[in-house]
Amino acid sequence: MLEVQNLSMRFGGLLAVDQVSLDVQEREIVSIIGPNGAGKTTVFNCLSGFYKPTGGKILFEGKEVQGKPDYKISRLGMVRTFQHVRLFSHMTVVENLLVAQHRHLNNNLISGLLKTPDYRAREQKSLDRAAYWLERVGLMDLANREAGNLAYGQQRRLEIARCMVTEPKLLMLDEPAAGLNPAETRDLNRLIVSLKEDYNVSVVLIEHDMSLVMDISDRINVINQGRPLASGTPEEIRQNDDVIKAYLGEA
Amino acid sequence: MAANNFKHALFCAVITLIIAYPILGFNLEAQGVDITLSGADTFTLVMVALAALAVFAFQLFREQIMGAIASVPTPVPSAPREPMNENKRARIESWVLTGILVLALFWPFFVSRGAVDLATLVLIYIMLALGLNVVVGLAGLLDLGYVAFYAVGAYTFALLSQYIGISFWLALPLGALLAALFGLVLGFPVLRLRGDYLAIVTLGFGEIIRILLNNWTNLTGGPNGIGGIPEPTLFGMEFGRRVKEEGNTSFHETFGIAYASEHKVIFLYLIALVLAVLTALVIRRLMRMPVGRAWEALREDEIAARSLGLSRTAVKLSAFTIGAFFAGFAGTVFASKQGFISPESFVFLESAIILAIVVLGGMGSQLGVILAAIAVTILPELAREFSEYRMLIFGAAMVLMMVWRPQGLMPMRRIHIELKRQG
């Protein structure tokens, strides 16, 4: 469903991403790993439209999306999270989830001011969807708290829930396990697998926690210094000499 | 420590002298065509010296004084109180608001004409502040040229009545829509800018509008302004002693009561009241609608908002346009109230005052903004006795506010949303 061909991103003299290709099938978890500064987040920024890639193609469900504005890409069903949690921290947890459903709502000012039946129906539906996902990630009791007051692990889960209420087809998670304790990481592991199995969402994952990556990925792409280094199943990557070299240095 | 304190106190006292002596110690007096400089009387000089002494003493014993103040128990408990039941609070609030509204409806019939006039001005400022609250408080766009949209509304009515002779009721939507259009057109290029840059560009825009009005003498009359702006009519009834326009009747003749100039003032007040209430209600709804949430989301985290499919341009433009719309509303009422407008009424200070109201009231909080609008408009009137020190008192009040309640009079409270558990 997602196909990236020879993606390149150049910042002046720096080639941050060089000819990276990857593809994601339906209901598949694909991980991107690599040392710090390898260009993983830059790839995400290109995919989600925050950067305009300087070369290559990005096909989402067969349509070229490179260079499209970020909000349009998101509306197509490619939604991302961020390395550092980005919540609307002064808004409540529910409001965070309602904002995410903006495009599903009746945005006509007049019908909103008059509270037409269609407006109410959609508002109620988005509230129900928010309630469903809050229950799903265990934040129901905190629904009316300000998002900024949640514990870190809860903020991480809220961010994923906020993506899921947009009903995405492809979810891009940028280091979702960063800062989580082992128990929380296990929960996250189960949550991501369930997103794939129960909600038919494909996942692209950037992560440094190797046990998580090896455990849930269907396939793994390794990037080093902006260039693709290897790709394959977790088993293949584990045995790949280049990858071991890049991570551990020459033996 | 003591030596350090002494040096600091001495320094502060000298600064006080340096600032106060030239300002208060010299007087410029006109003698014919010449201006002569004369020293102030002994009394003023003694007062300046006393002030410097007071500053010196305060700074020297500052810690002791502050300690003494801190040890006095404050009447307001600083510990967080048990939050009131959400429903109960909403009920109390709606009762209080209804009470205030009823009071506001009947109050003008029992007070002086000047008071009603002032109250109309307060209502105009409430409208302006509520509109700016959308732009600054909710959407987080610092707009320093808000008064431009106010001017557009006022001049729309003034010009159209002068050249085409339209009535207040037609001008009201027209002025608001034209102001909104200006907001839209200005918004397009400038909303890419953020923070300080946006503030500077909007500031420039506000000045451009004023300078344009000042210099386009053929159309706007320049600094002479436009007079003879008609007052609102009630179903074709005029409030003047004699009917000005063909086909209209006069209010006092229709109802067979004696003519009183108060009728007109009270009528204008009531119109302003209705419009202010309407503004508050509409904006309150907007805040709870998707568009209101989108404004706040964009203020909180623009990148996250975009990643969730919110178009930055559309959301910001809507805030800017709606803010401008209500400024146009207020402008039309203002023009009708004054009967005469000139660019003098739309200087930067106006923008600053409206912004001060929003900040003082608490960004995003409607009730806070309304209270602040009342305070900021009425305080200078009450302080009229202090004449030239009015702005000084105003400034001091602002500084004290920022020290003690930086979040504003009544910070915005988030609404509580009840969720049904999904079985």
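**Two chains, one predicted model**

Biologist: What makes up the contact between chain A and chain B?

Modeller: In this predicted model, 38 residues of chain A are in contact with 26 residues of chain B. Contact here means C-beta atoms within 7 Å.

Biologist: Which element gives the most to the side of chain A that touches chain B?

Modeller: That is α5(A), with 6 residues. Elements giving two or more residues also include α2 (70-76), β6, α3 (93-100) and α4 (109-114) of chain A. By class, this side of chain A divides into 18 nonpolar, 10 polar and 10 charged residues.

Biologist: How do you know how chain A compares with a compact globule?

Modeller: Set the value against the rule. With 251 residues, a compact globule would have a radius of gyration near 18 Å. Chain A has 19 Å, so the two agree. The C-alpha atoms of chain A fill a box of roughly 70 × 40 × 30 Å along the principal axes. Of its 251 residues, 43% count as buried. To count, a residue needs 20 or more other C-beta atoms within 10 Å of its own.

Biologist: What is chain A built from?

Modeller: Chain A has 10 helices and 10 strands. An open sheet takes 6 strands, in the order β6-β7-β8-β3-β9-β10 (chain A), with mixed pairing.

Biologist: Why are β6 and β10 of chain A called edge strands?

Modeller: Each pairs on one side only. They span 78-80 for β6 and 227-232 for β10 in chain A. From one strand to the next, the twist averages 20°.

Biologist: How do you know that β3 and β8 of chain A pair?

Modeller: Pairing needs at least two bridges. Strand β3 (residues 29-33) and strand β8 (residues 202-206) of chain A are joined by 4 bridges. Therefore they count as paired. The two strands run parallel. A:Ile32 stands opposite A:Ile206 in β8(A).

Biologist: Which helices lie across strands of this sheet?

Modeller: Among them is α1 (residues 40-47) of chain A, across β3, β6, β7, β8 and β9 of chain A. Helix α1 runs at about 145° to β7(A). Helix α10 (residues 241-248) of chain A lies across β9 and β10 of chain A, at about 125° to β10(A).

Biologist: How do α7 and α14 of chain B pack?

Modeller: Helix α7 (residues 168-190) and helix α14 (residues 312-338) of chain B pack at about 145°, with axes 7 Å apart. The crossing of α7(B) and α14(B) is right-handed. Their contact has 15 nonpolar, 9 polar and 1 charged residues.

How values were computed. Residues numbered from 1 in each chain as written. Chains lettered and ligands numbered in written order. Predicted model: local features only at pLDDT ≥ 70, side-chain atom pairs only at ≥ 80, totals over all residues. Axes fitted to C-alpha atoms, helices over the stretch in contact; angles between N-to-C directions. Contact = placed C-beta atoms within 7 Å. Nonpolar A, V, L, I, M, F, W, Y, C, P; charged D, E, K, R; others polar. Left-handed = near helix turned anticlockwise from the far one by under 90°. Rg over C-alpha atoms; globule rule 2.2 N^0.38 Å. Buried ≥ 20, exposed ≤ 12 C-beta atoms within 10 Å, placed from the backbone.
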